[in-house]
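The entries follow the order in which I checked things.

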Amino acid sequence: MNVLILGSGGREHAFAWRMRSSKFLNNLFIAPGNAGTALLGVNVPISPTDFQALKLFCLENDVDMIVVGPEIPLVKGIYDFFRDDEDACHIAVIGPSQRGAQLEGSKDFAKEFMSRHNIPTAQYKTIKLGNIEEGNRFLESLQPPYVLKADGLAAGKGVLILNDINEAKRLLWEMLNGMFGESSNKVVIEEFLQGIECSVFVLTDGKSYKILPVAKDYKRIGESDTGLNTGGMGAVSPVLFADEAFMQKVEQEIVVPTVKGIEKENIDYKGFIFLGLINVGGEPKVIEYNVRMGDPETEAVLPLIKSDILDLFVSVFTETLDTKPLETDNRFAATVMMVSGGYPGDYEKGKPISGINEVKDSIVFHAGTKLENNSVVTAGGRVLAVTSYGKTMDEALENSYKNIGKISFENSYYRTDIGFDLKQ
């Protein structure tokens, strides 16, 4: 098979790395890719949202399958574009339809879906400018902290958690008046849930499903989860508190009704469902849906999947996923992210990276890199994800930190406490 992966981060490098071991793979393309994916396939300078250019490339290069990494092409309807195109409808797209992608593209759509299918989540109310007083009254009915979420995609910045009721009311008004552009034309107000979070990834053909290894990521820039939110500073998998009893509840109360709801509502969905969950006293609740694999969780989860991933993807497209076993590694995987100094604020690019070739017994996934005069340089805030195996989480983390010590670029930074809240 000829496969095209869309995206340029660590998630896409991990997909490319995992696909390289598939007996079904012939040619691999990544659009636009990074310095790491260039070692595994051919980088293609096409934007993941330029559907027409992607179609032409796929037809010219006999591409059989497109694996969509980021959410924006899905929310913009790439699945529908190929499905409905007379010349390109034979190309398998791994990702949901535009309607299915609304589970991530609209917080209100996701909450209404959960409500219809009795999926446990925080109580909420969706507010527009015309009913802002109703929003203020709902805030008054809640205990602090108060959670405000922009309805649409806001590059990971559309969620505010506030302790003061007056500040919450003021920022609700600001959000509805364009604080996050059109993304906050509607705002979802939620009760705050107290507990520990984890990420559950489900691969589905719209009827059957496979639950992948559970992960936990670390979003804050600072040690002990302090400071600004980032795209993710590291991840570990599996997660010991997500034991058999907890996961049985997740499957029966969340995964099954989600997949059945998708089927019942005739939503075309062939790809990943990312369940952002919180464990509230042993009870799982959904914080949010995403419609693709997370990053950096992908860099910890994919190394634990032993099944041929292309074989699984083909069965997703042909709606025969229930006939395939999912084989997983019984070790732990730990990913630590190296980022540019200043991230998630302003940071410089173009810093030469050294030491990657000295790494042993770890996998280095490129997240924000590019090739410049045959050298690898930084090209983003999150630069490299270093993943290692271990018989325990601590051993996997120790291996990653040991190898991070061999890599350097100017003003690099990483958290030294990934997994700190999961230690026994």
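**Entry on salt bridges.** I count a salt bridge where a side-chain nitrogen of Lys or Arg lies within 4 Å of a carboxyl oxygen of Asp or Glu. The model is a predicted one, and searching the whole structure on that criterion gave me 31 salt bridges.

I noted arginine 83 as partly exposed because its relative accessibility is 36%, whereas aspartate 80, at 16%, is buried.

I then turned to lysine 149 and glutamate 190, whose closest N and O atoms are 3.2 Å apart. This pair links distant parts of the chain, since lysine 149 belongs to strand β7 (residues 146–150) and glutamate 190 to strand β9 (residues 187–190), 41 residues apart. I found both lysine 149 and glutamate 190 to be buried.

Arginine 415 and aspartate 417 form another bridge, at 2.8 Å between the closest N and O atoms, and both of these residues are buried. I also traced a network in which salt bridges with shared partners join Asp80, Arg83, Asp84, Lys207, Asp268, Lys270 and Glu319.

**Entry on the cores.** I found that the largest nonpolar core holds 112 residues, and that Leu4, Met19, Ile66 and Phe313 have the most contacts inside it. Helix α9 (residues 244–264) gives the most to this core, with seven residues. For phenylalanine 313 I listed contacts beyond four places in sequence, among them Phe15, Met65, Ile94, Leu203 and Phe272. A second, separate core has 17 residues, including Ile132, Leu162, Met175 and Ile189.

**Entry on leucine 321.** I located leucine 321 in the loop between α11 (309–317) and β18 (332–340), and I recorded it as buried because its relative accessibility is 0%. Leaving out residues up to four places away in sequence, leucine 321 touches several residues, including Leu203, Asp205, Tyr209, Leu312 and Val316.

**Entry on strand β19.** Which residues of strand β19 (residues 363–366) lie on either side? I found Ile363 and Phe365 on one side and Val364 and His366 on the other, all buried, so that both faces are covered. β19 pairs with strand β22 (residues 382–390) in the antiparallel sense over four bridges, and within β22 I found threonine 387 standing opposite isoleucine 363.

Note on methods: Residues numbered from 1 in each chain as written. Predicted model: local features only at pLDDT ≥ 70, side-chain atom pairs only at ≥ 80, totals over all residues. Heavy atoms only, no water. Core = buried A, V, L, I, M, F, W, Y, C linked by side-chain atoms within 4.5 Å. Buried < 20%, exposed > 50% of the residue type's maximum accessible area, 1.4 Å probe, protein only. Helix = DSSP H or I, 4+ residues; strand = E, 2+ residues; numbered from the N terminus. Contact = heavy atoms within 4.5 Å. Pairing = 2+ DSSP bridges.
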